[in-house]
Amino acid sequence: MQLAAATLLIELSKADYKRDPKEQEAIEAALNKCFDLDPEQLSKVIELAEQQSNDLTSLYPFTSLVTDNYGPEERFELVKMLWQVAAADGEISKFEDHLIRRIADLIHLPHGEFIRAKLAVLEPKDL
């Protein structure tokens, strides 16, 4: 599950064709918060996820793992993490937005929850 989440986050960081260090920091923070990894574990998961992302031909293996193993709240939290990574560099590109929507659909997150996750990240003081 850690690898699936990390691979989706890394794939998102590549969506706008710019790898921003702030996005990398957001990936590390999100994975650490979600899975409580020590630095060595975090490094290994990110390394493996980078390899998976480089060989990626489909999101399906990763999104199906999430769908099969995450409950509704955990899927919501994953989409929140995706928004956090997308927003880390100060702008959300149309490519990032599209990929997050696609992942949310593939993990069967209802549209209302997709919007709630986006607002939780972009307008946290209001929720």
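Analyst: Ground rule first: buried means under 20% relative accessible area, exposed means over 50%, and partly exposed is what falls in between (1.4 Å probe, protein chains only). This is a predicted model, where local features need pLDDT of at least 70 and side-chain atom pairs count only at pLDDT 80 or more, while totals for chains, interfaces and linings use all residues. Residues are numbered from 1 along each chain as its sequence is written, and side-chain values use heavy atoms, with hydrogens and water left out.

User: OK, what makes Ser-53 count as buried?

Analyst: Its relative accessibility is 5%, and the limit for buried is under 20%, so Ser-53 qualifies. The residue sits in helix 3; helices here are DSSP runs of H or I with at least four residues, strands are E runs of at least two, and both are numbered from the N terminus. Skipping residues up to four places away in sequence, Ser-53 touches Thr-7, Ile-10, Glu-11 and Lys-14, where contact means heavy atoms within 4.5 Å.

User: And why is Leu-56 called partly exposed?

Analyst: Leu-56 has a relative accessible area of 22%. You'll find Leu-56 in the loop between helix 3 and helix 4. Leaving out neighbours within four places, Leu-56 is in contact with Glu-11 and Phe-62.

User: Which residues of helix 3 are buried, and what puts them on the same side?

Analyst: The buried ones are Leu-42, Val-45, Ile-46, Ala-49, Glu-50 and Ser-53. The arc is that of the directions from the helix axis to the C-beta atoms, and these residues cover only 140° of it, which puts them on the same side of helix 3. On the other side, Glu-40 and Asn-54 are exposed. Helix 1 (2-14) and helix 2 are among what covers the buried residues.

User: Why is helix 2 called oblique to helix 3?

Analyst: Axes are lines fitted to C-alpha atoms, for helices over the stretch in contact, and angles run from 0 to 180 degrees between N-to-C directions. The axes of helix 2 (residues 21-35) and helix 3 (residues 39-54) come within 11 Å and cross at roughly 120°. Under 35 degrees would be roughly parallel, over 145 roughly antiparallel, 65 to 115 roughly perpendicular, and the rest is oblique. So helix 2 is oblique to helix 3. The contact involves Gln-24, Glu-28, Leu-31 and Asn-32 of helix 2, with Leu-42, Ile-46 and Glu-50 of helix 3.

User: What makes helix 6 and helix 7 oblique to each other?

Analyst: They pack at about 135°, with axes 10 Å apart. That angle falls in the remainder class, so oblique it is. On the helix 6 side the contact is made by Asp-97, Ile-100, Arg-101 and Ala-104, and on the helix 7 side by His-111, Phe-114 and Lys-118.

User: How do you know that the buried residues of helix 6 line one face?

Analyst: Those are Glu-96, Asp-97, Leu-99, Ile-100, Ile-103 and Ala-104. Down the axis of helix 6 they fall within an arc of 165°, so they line one face. Lys-94 and Asp-105 are exposed on the other side. The buried set packs against helix 1, helix 2, helix 4 (60-69), helix 5 and helix 7.

User: Which residues of helix 7 are buried?

Analyst: Phe-114, Ala-117 and Val-121 are. Their arc is only 65° around the axis, which puts them on the same side of helix 7. Their cover includes helix 5 (72-87) and helix 6 (94-106).
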